[in-house]
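Me: I would like to go through this structure with you, one topic at a time. Could you take my questions as they come?

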Amino acid sequence: MSSVLQTALQYIPGIGPSKALLLHQELQLSTFEDLIYFYPFRYEDRSHLYPINTLTSRLSYVQLRGTLSRVQIVQAGKKRLVACLRDNTGEITLVWFKGLSWIFKKLQVGATYIVFGKLTAYGQQLNMVHPELEIATTPPEHAHQDLSLRPVYHTTDKLKARHIDSKIVAKSLHYVLPQVAQHIPETLPNALLGQYKLTGKAQSLWNIHFPKNHHVLGQARFRLKFEELFYLQLQLLQLKQIQVEKRKGKILHNTQLLHRFYKTGLAFALTGAQKRVVKEIYRDLRSGHQMNRLLQGDVGSGKTIVAFLSMLICLGSGAQVAMMAPTELLAEQHFKVLRDLAQPLNLTVVLLTGATKRKSRTAILDALQAGTLQILVGTHALLNVAMNFHNLGLAIIDEQHRFGVMQRAQLWNHQQADLPHVLVMTATPIPRTLAMTFYGDLDVSVIDEMPVGRKPIKTLHYYDAQRLKLFRFLREQMVADRQVYMVYPLIEESENMDYQNLMDGYESICRAFPDFPISIVHGQMNTPDKAYEMQRFAQGETRLMVATTVIEVGVNVPNATVMVIESAERFGLAQLHQLRGRVGRGSHQSYCILMTGTQLSSKSRERIQTMVQTNDGFKIADVDLQLRGPGDLLGVQQSGVLDFKIADLSQDSSILQAARESAQRIIKEDPSLALPQHLPVKNQLARLRDHTIDWGSVG
Ligand code: ADP
Ligand code: MG
């Protein structure tokens, strides 16, 4: 490690010990090395001079070159300093409201200035308020020479109060970069630099701070993003390699039971995607290494049967199975489905939840220990009995749309020498870029194909003013014996108002449909009442269900064909998609109707349009990623994995893909990085190891 890079920031002229301390406190910058990785967050485009007669209000920041005249302080109205800037095409007014006399003294009438600032429209006229000015030092024919993109750095109020602003950071970098340039090691192998035409490390760092033009800036960004993603992928792949080697798993390879069921017990043909995923799981189960697999599949894509077939491989090999669901309702639903599937095979399936009576619980524990209980389904209550399995082979976790999934999966891990295999199922598709990073050390299977014969749900956007049309449509559907959901938002901050809306909505629906029985379900009702109402709706006794998002998870009513979502603009995309998944479960055409007012933000509008345009959960997840950013999407801002210096998962999927492939190739070709051409990689990994994320806390 070069000592130049480790030089403390206080040795930069103009910084000194106390400002250095503040930089450390405010921005965690201590050394020259820290500073060169402190990238600008935007650039002022000083590469362009605009002729004054080409300015329009659509331009924001512009740079001009002109002569100053008519400098004066105006007393009328708000006191201000104005000046006229003229080039050979026209003139524009510059305005100051603060520091008038000081600026007035500095301005030189008749001198030529380079002026930079933001245009503001003032009536018909364009002004520039508080511009930056510099006397032009070069003759006009060489004016382009001192033009460039200027870096802008984030600083904090405390730093600014001590006069450490973006300009001081830039000046410091101007001092530091030339000194450290020759000490910055190249961190990527030559082969990769050549293959992707990447600029060298030191040059990229120079250009990210002081780019001459957009082209070299683009190259620098590409190179630095590539490097960042490459090393993340490399670390994740190495971690996976270690885990696979370290974690012995039970060898489960007996498929007799699976085949017996497959020949007689299956009412439909599996989709290609389902078959592929079962094969992927089978490969893991018989490998001798513990499976850690995430199964992604949209609502209705048929994950349950895949889970069941995996169970059969496990049970056929003499081991037991646990299946865990996030709510009692879902656990019960799984229990019923699995019991029906398992019955012809004479397998014992038992349900365990927090509500299970003590006596049956004791019986369950005995059966678990004796090994006579084969499939145990339940809620998180299962974790308390994880140690009691005679021979647990496979733990399946159905998390629907929650993300902290793997953490919970780890809970199965500390019990025995040969670990149970773990399969986590989620119905919220995660964009590939996120899955590749956040779950980069896991295996991911995807069911990206719906069972045949499903009619895609039609999604419509209605404004509140179209309510009569909506009611006519709902009546048609109910007359045709179909059922309807009507969902109201319930957001904690506005809970009381939301309940009021829900109740108002319920009353107006009762008035509009006096001839149909209607259910209402919301979070303030007690559990038995909720269950009773849900039951009535599920059995078709009520035709319309007014509810908050409590119905989001789990409810399965194939006869329900319409999902109306009130104030749809208040829901996130993932949630809208989940809600829509409650319909389209039977053979009839289903509809999702999104109700909104006419005032919509551009993001809301994009969410609604996305829903109308596609039923594909992966496309929706991609848009969600663009709109919300990865941290928000996963609810893991603080985790560290997604704290990139420059890469951006919502923009850089193709760079990520290239980086991942490169990392995979290198690991495969040279697992211990012993080849001389991989020395830069080996060295960089060692450097990163000192600064890296605590992977144990992630995913
Ligand atoms: P999810 O992935 O949302 O858990 P389920 O496993 O509940 O989906 O499946 C939804 C419905 O589709 C179930 O009724 C199931 O029996 C049915 N199903 C699953 N796979 C197929 C298939 N290949 N062909 C036809 N129907 C299927
Ligand atoms: Mg399911």
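**Strands, ligand and loops**

Reply: Let us begin with a pairing in this predicted model: strands E9 and E14 (residues 421–426) run parallel and are joined by five bridges.

Me: Which residue stands opposite Leu295 in E14?

Reply: Met425 in E14 stands opposite Leu295.

Me: And how many bridges join E9 to E15?

Reply: Five bridges join E9 to strand E15 (residues 443–447), and these two strands run parallel. Within that pairing, Leu294 has Val444 of E15 as its bridge partner.

Me: Why is E9 described as largely enclosed by the rest of the structure?

Reply: Strand E9 covers residues 292–297, and six of its six residues are buried, so the strand is largely enclosed by the rest of the structure. The cut-off behind this is that a buried residue has under 20% relative accessible area.

Me: Which residues of E9 lie on one side, and which on the other?

Reply: Asn292, Leu294 and Gln296 are on one side, while Arg293, Leu295 and Gly297 are on the other. Both faces are covered, as all of these residues are buried. As background, side chains in a regular strand alternate between the two faces of the sheet.

Me: Changing topic to E20: is it mostly covered or mostly open?

Reply: Strand E20 (residues 560–565) is mostly covered, with six of its six residues buried.

Me: In what sense do E17 and E20 pair?

Reply: Strand E17 (residues 483–487) pairs with E20 in the parallel sense, over five bridges. Tyr485 is the residue opposite Met563 of E20.

Me: What about E20 and E21, how many bridges are there?

Reply: E20 and strand E21 (residues 591–596) pair over four bridges, again in the parallel sense. Met563 has Cys592 as its bridge partner in E21.

Me: Which helix goes with E20 and E21 in a β-α-β unit?

Reply: Helix H19 (residues 573–580) does; E20, H19 and E21 make a right-handed β-α-β unit.

Me: Now the ligand. How many residues surround ligand 1?

Reply: Ligand 1 is surrounded by 14 residues, of which the closest are Ala269, Gly300, Lys303, Thr304 and Arg454. The shell divides into five nonpolar, six polar and three charged residues.

Me: What are the distances for Ala269, Ser301 and Arg454?

Reply: For Ala269, a backbone N or O atom lies 2.9 Å from a nitrogen atom of ligand 1. For Ser301, a backbone N or O atom is 3.5 Å from an oxygen atom of the ligand. For Arg454, a polar side-chain atom is 2.6 Å from an oxygen atom of ligand 1.

Me: And how much of the ligand does the protein bury?

Reply: Ligand 1 exposes 570 Å² when taken alone, and the protein buries 71% of that.

Me: On to loops. Where is Asp616 found?

Reply: Asp616 is in the loop between helix H20 (602–613) and helix H21 (617–628). The side chain of Asp616 reaches the backbone nitrogen of Phe618 at 2.8 Å. The C-alpha atoms of Asp616 and Pro456 are separated by 9.9 Å, although these residues are 160 residues apart along the chain.

Me: Why does Asp616 count as partly exposed?

Reply: Asp616 counts as partly exposed because its relative accessibility is 31%. The partly exposed class lies between the cut-offs of under 20% for buried and over 50% for exposed.

Me: What about Thr255, buried or exposed?

Reply: Thr255 counts as buried because its relative accessibility is 17%. Thr255 lies in the loop between helix H8 (214–246) and helix H9 (256–264).

Me: Turning to backbone angles, what is phi of Asp481?

Reply: Phi of Asp481 is near 80 degrees, a positive value in a residue other than glycine. Asp481 belongs to the loop between helix H16 (467–479) and E17, and Asp481 is partly exposed, with a relative accessible area of 48%.

Me: And where is Arg70 placed?

Reply: Arg70 is in strand E2 (residues 61–74). Phi of Arg70 is also positive, near 50 degrees.

Me: Finally, how many helices and strands does the protein have?

Reply: The protein has 24 helices and 21 strands. Of its 699 residues, 51% count as buried, and the C-alpha trace spans about 95 × 70 × 40 Å along its principal axes.

Terms used:
Residues numbered from 1 in each chain as written. Chains lettered and ligands numbered in written order. Heavy atoms only, no water. Buried < 20%, exposed > 50% of the residue type's maximum accessible area, 1.4 Å probe, protein only. Pairing = 2+ DSSP bridges. Right-handed = clockwise from strand over helix to strand, strands pointing away. Near = heavy atom within 4 Å. Polar contact = N/O pair within 3.5 Å; in protein donor to acceptor, adjacent residues only side chain to side chain. Areas by Shrake-Rupley, 256 points an atom, 1.4 Å probe, with all protein chains shown as cover. Nonpolar A, V, L, I, M, F, W, Y, C, P; charged D, E, K, R; others polar.
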